[in-house]
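Q: I am new to this structure. Please show me how to read its features, one at a time.

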Amino acid sequence: MNEYRTDKNFPKDFLVFQEAGFSDPDDPNRPNRLCVCFSDVHFTDGTVGNQSAETVVWKNVFGRIKELCRQHDIRELYLLLAGDVVDMIRTAQWAKTGVYPWERDNPQFRENLQEIIQGIIENHSKPDTRSGFFRQLKRLFVADHSETATKPGFFYWLNQLSKDLKNVRIQKLVLLGNHDKEMLADNATLKKFYEECLGQPLPALSVNYKQWIGQMYFSNPDHYLTNSPDTAPWLPFYWGDRGFRLFVTHGQWRDEDNCRVIKAKSGLPGWKVSDGWDLAAWQKLRYSPFTEPCFGDTVAAGLLAGFIFHTKAQLQDLIKNEPGLHDEIERLLRILDELDLYRPTYLAVGRIIEETWRLRKKGGLLIQANEIIEKQLRSSMYQWLSWDFTRQSARSLFRVAIMSARILLAAIKPFSVRLELGAIYLMMRALSKLKIGLVSFSDAPSYREIKSFPAFLPEYRNYGFRIHSEGHTHISLQEELYFPEPAHSLNHKSYTYINLGAWRDQIVNAKKGKYRRRGIGRALFILDLVSEAKSGDDAKDRERRYNYWIEDITSWGDNLDRL
């Protein structure tokens, strides 16, 4: 068997991956199989807030997976994490060092990545070593704003599956997202991710996997076989399995702000979002539209995370000088840690501006806290607007908006801080509207756009795909489609688009203008089971049992209310 497969019956330039020891999805005698997909879990180092689901949630999720495996006598389990698994962007490390994700030639860049991944490992891969009666008693009464409050985390439970399901072969695959792409720029960081998060030592990675990745990105199946055994393969950009009828990619290839426009030069093709799905061009470009820094990095790592880091540092210093402000400042620190949980981003800016108005109204010593927040918000905005990379990486319409914003803010700066902050809020809201379209009220794809997704193109449908799944937008969606039956169809006419949304906490509006922290999550489950028919000449009687469904989880808890 080839280590990766492609022939005239497959979609153009599409590579099938079949792990060694796992069944062929075309084998009618394959065993019972289960596929589970997550997306956008965004595990962070915790330095700009706690974004992740609590350990009790993950424990229950993986308990559900074990229950299904035992209930259906599953022999092969496929766990697919569809991008943005670890978040190398949402961290204070960039602002702390003054070296940002687009400055890859700076030696500090790689040091930042290794510091960030180590924090993620500590928070989400380790068992909870701080257990015991007094530790639990303390957590009942003392708020812990660090990410470590969620131990043991996702990766701990992920790797525990192998111990709990000894008779099940488990394949763990992580696709490339736009918040974890930085790992590809530093082998040491990517190696830590494979080994200490996924529990996959590099020497144990199969030849099949390495050749699949080598062919995908470098058009050379031996790329990773001829390199040092310590060279970590890049994360795959897509994955598909005809038996599950599933095609998955992260979805950033549709987002102009989170991939790069590449101009044609030196015999290489160019590519932009409007060109659509194009594996041939991407392979020649080594997927650079998705592995290079992008405009979204400036917003997440530069503007928002930088503002949170600097503001928290100054407020914590203020507590030392003014201990009487402790309770108020602790409240502000919690709000700052939550800013990344507002969707879209301009709502976070509006939330913090709302706090500045409240502090100014209360007066007294709180004016000092108000001045810190106002100063840092304005400083972060001016810094973001001044970066060359912000303008260079923005699409044309955004570049005009950025230049206009710089002129506007400079004009009103001498007059009123409140007017200036209001202009900043309106600017962020305008950028958000430009992102989703001036007349559109949702960034959900249109039916016309969905029909252009790879799984629904004729060659992919003829191959046997029926489900196109992605994440990235953080908006949970599903849509049913209809196409004329493909030439090689087995009479399955069901087609489904599923967006997995995000699996993390979110800030939502409560009644009377209040706010509430709530956990959200979504997983796609697909069962591919042997037929219950023991005999018979009718092919329909011997057809495998196939079913797929979504499980959405909404969670609340005392700890979420304390954070």
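Q: Are Arg 504 and Asp 340 buried or exposed?
A: Buried means under 20% relative accessible area, exposed over 50%, and partly exposed in between (1.4 Å probe, protein chains only). Arg 504 is buried, and Asp 340 is buried too. A caution on sources: this is a predicted model, where local features need pLDDT of at least 70 and side-chain atom pairs count only at pLDDT 80 or more, while totals for chains, interfaces and linings use all residues. Residues are numbered from 1 along each chain as its sequence is written, and side-chain values use heavy atoms, with hydrogens and water left out.

Q: What does Arg 504 form with Asp 340?
A: Side chains of opposite charge can pair when their charged atoms come close. A salt bridge is a side-chain nitrogen of Lys or Arg within 4 Å of a carboxyl oxygen of Asp or Glu. Arg 504 and Asp 340 form one, with their closest N and O atoms 2.9 Å apart. Arg 504 lies in strand E11 (residues 504-509) and Asp 340 in the loop between helix H11 (326-338) and helix H12 (345-362), so the pair ties together parts 164 residues apart in sequence. Helices (H or I, at least four residues) and strands (E, at least two) are DSSP runs, numbered from the N terminus.

Q: How many salt bridges does a search of the whole structure find?
A: The search finds 39. One of them joins the side chains of Asp 26 and Arg 242, at 2.8 Å from N to O. Asp 26 sits in the loop between strands E2 (16-17) and E3 (33-38), and Arg 242 in the loop between strands E6 (238-241) and E7 (246-249), so this pair links parts 216 residues apart in sequence. Asp 26 is partly exposed, at 34% relative accessibility. Arg 242 is partly exposed as well, at 25%.

Q: Where do Lys 191 and Glu 195 lie?
A: In helix H6, 4 residues apart, which means about one helical turn separates them. Lys 191 is partly exposed at 23%, and Glu 195 is partly exposed at 27%.

Q: Which strand pairs with E11?
A: Two strands pair if DSSP finds at least two bridges between them. E11 pairs with strand E12 (residues 515-529) in the antiparallel sense, over 6 bridges. Val 508 has Arg 516 of E12 as its bridge partner. The hairpin of E11 and E12 has 5 residues between the strands, and Lys 512 there takes a positive phi near 60°. In E11, 5 of the 6 residues are buried, so this strand is largely enclosed by the rest of the structure.

Q: Which residues touch the most other members of the largest nonpolar core?
A: In soluble globular proteins, nonpolar side chains tend to be buried together. A nonpolar core is a set of buried Ala, Val, Leu, Ile, Met, Phe, Trp, Tyr and Cys residues joined through side-chain atoms within 4.5 Å. Here the largest core has 166 residues, and Trp 58, Leu 77, Phe 155, Phe 193, Phe 237 and Trp 239 touch the most other members. Helix H10 (residues 295-321) gives the largest share of this core, 12 residues.
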